[in-house]
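Grab a pencil and work through these exercises with the structure open beside you. Each task comes with a solution in steps.

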Amino acid sequence: MRAYAAVGIVLMHVLANLMIKPSDNILTCNVIPWLTNFTLLFMIIISFSIFCGYYERVKSGAITPARFYAKRYHRAWPFFAMMVMISFVMEPSWSTFCQSFADLTMCFNLLPNPNIEVIGVGWFLGTVFTFYMLFPFFVFLIDNKRRAIVSFILSFIMAHISIAYFESEKFGMVPIDRHNILVVAPFFLIGGICY
């Protein structure tokens, strides 16, 4: 499963960063968009693995937030920072600088409309890091079976409302998609509930 998700992420990155956009064909119109659905499965897998390693320790207070966040940043940030810097060097501009700075904070998915183009699949890492930031809250949400089921149902309703209502003309038709933690929260909760 992880291999399919990784292939989907790589193909999205390649498609997003191609200088010459390919013509509409079966690969670009059907295969690559279909493989991107595996990123949602990958969110469930990431959530499950984080809950396996940290649920009990966060719940009992055996791990401090500083240690939890430091471990997350030390694993992902250096490689991601290298990709961002290479991207900036290849295409230096004010826009690229601003996006690169936002990328390097790993907090860019807290922006209202994070349209980060420097790294094609950076949105995924931003969504995952938003989950990491909110992980103690997710631990609270699935503290017991009843609360976990209610939280999942409410998150599913909120995701539907976010897409159906807040993406309307009233709010300027700004697309609400996988960049938003409210839309993907059910997938992260599924991982925790499976644990």
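**Exercise 1.** How many residues does α4 have, and how far does α4 reach from its first C-alpha to its last?

*Solution.* First, some ground rules: this is a predicted model, where local features need pLDDT of at least 70, side-chain atom pairs count only at pLDDT 80 or more, and totals for chains, interfaces and linings use all residues. Residues are numbered from 1 along each chain as its sequence is written, and side-chain values use heavy atoms, with hydrogens and water left out.

Step 1: Helices here are DSSP runs (H or I, at least four residues), numbered from the N terminus. α4 has 26 residues and reaches 36 Å.

Step 2: Check that against the expected span, which is 1.5 Å times one less than the number of residues.

Step 3: Look for a kink. There's one of about 40° at Trp 77, shortly before Pro 78; the bend is the angle between axes fitted to the seven residues ending at a residue and the seven starting there.

**Exercise 2.** Now do the same for α3: what span should its 23 residues give?

*Solution.* Step 1: At 1.5 Å a residue, α3 should span 33 Å. The end C-alpha atoms of α3 are 33 Å apart, so the two agree.

Step 1: α3 still bends by about 50° at Tyr 54.

**Exercise 3.** Which residues of α4 are buried, and which helices do they pack against?

*Solution.* Step 1: Buried means under 20% relative accessible area with a 1.4 Å probe, counting protein chains only (exposed is over 50%, partly exposed in between). In α4 that picks out Phe 68, Arg 72, Phe 80, Ala 81, Val 84 and Ser 87.

Step 1: Their packing partners are α3, α5 (94-105), α6 and α7.

**Exercise 4.** Find the residues with the most contacts inside the largest nonpolar core.

*Solution.* Step 1: A nonpolar core is a set of buried Ala, Val, Leu, Ile, Met, Phe, Trp, Tyr and Cys residues joined through side-chain atoms within 4.5 Å. The largest has 33 residues, with Ile 50, Phe 51, Phe 131 and Phe 135 making the most contacts inside it.

Step 1: Ask who contributes. α3 gives the most to this core, with eight residues.

Step 2: Zoom in on Ile 50. Leaving aside neighbours within four places in sequence, Ile 50 is in contact (heavy atoms within 4.5 Å) with Tyr 55, Phe 68, Arg 72, Phe 131, Tyr 132 and Phe 135.

Key
Helix = DSSP H or I, 4+ residues; strand = E, 2+ residues; numbered from the N terminus.
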